Amino acid sequence: MEILLVGSLIGEVQMKISLDVADFKKEMKRVEEEITRLGNIGLEKRIDYATDTLKVVTPVDTGRARRGWYNEKYKNKDGYLEASIINEVEYIDRLNKGHSKQAPKYFIEQVLMKVGILTPN
């Protein structure tokens, strides 16, 4: 199957290039899988970076809220990475709303926007 035909004039000579792909569907599937793999690597790094950054910027009294950060990552049925950044400490929401003077209000959202995980509406 001929999928690409390029014609150009170089001086007086016309050059034609054609490319045959034996199994186009298989090749497109391979390209899609490679793009997904590379995208997953980038997202995984951002999730880890965001989790580590949240640990650093979380206000500290006892250190419990700071130690509460972790993430969970898994691939869905289509091979795309899905992830959650979690802190189950019951007062993390109060800290995020400015209860401590050690961090600004909405420090969680600020970190996630800076890393590119959360985008403003």
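**A hairpin, a helix crossing and a nonpolar core**

Strand E3 (residues 69–75) and strand E4 (residues 81–87) run antiparallel and are joined by seven bridges. The model described here is predicted. One example of the pairing is Tyr70, whose bridge partner in E4 is Ile86. Between the two strands of this hairpin lie five residues, and Gly79 takes a positive phi near 90°.

The helices may be considered next. The axes of H1 and H4 come within 10 Å and cross at roughly 145°. In this arrangement, H1 passes H4 in a right-handed crossing. On the side of H1, the contact is made by Arg46, Tyr49, Ala50, Thr53, Leu54 and Val57; on the side of H4, Phe107, Ile108, Val111, Leu112 and Val115 take part. Of the residues in this contact of H1 with H4, nine are nonpolar, one is polar and one is charged.

In soluble globular proteins, nonpolar side chains tend to be buried together. In this model, the largest nonpolar core has 14 residues. Those with the most contacts inside this core are Leu54, Ala65, Ile92, Leu95, Phe107 and Ile108. Helix H1 (24–57), helix H3 (92–96) and helix H4 (107–115) each supply at least two residues of the core, and the largest share, five residues, comes from H4.

Which residues does Ile108 touch, leaving aside its neighbours within four places in sequence? Ile108 is in contact with Leu54, Trp69, Ile92 and Asn96.

Conventions:
Residues numbered from 1 in each chain as written. Predicted model: local features only at pLDDT ≥ 70, side-chain atom pairs only at ≥ 80, totals over all residues. Heavy atoms only, no water. Core = buried A, V, L, I, M, F, W, Y, C linked by side-chain atoms within 4.5 Å. Buried < 20%, exposed > 50% of the residue type's maximum accessible area, 1.4 Å probe, protein only. Helix = DSSP H or I, 4+ residues; strand = E, 2+ residues; numbered from the N terminus. Contact = heavy atoms within 4.5 Å. Axes fitted to C-alpha atoms, helices over the stretch in contact; angles between N-to-C directions. Left-handed = near helix turned anticlockwise from the far one by under 90°. Nonpolar A, V, L, I, M, F, W, Y, C, P; charged D, E, K, R; others polar. Pairing = 2+ DSSP bridges.
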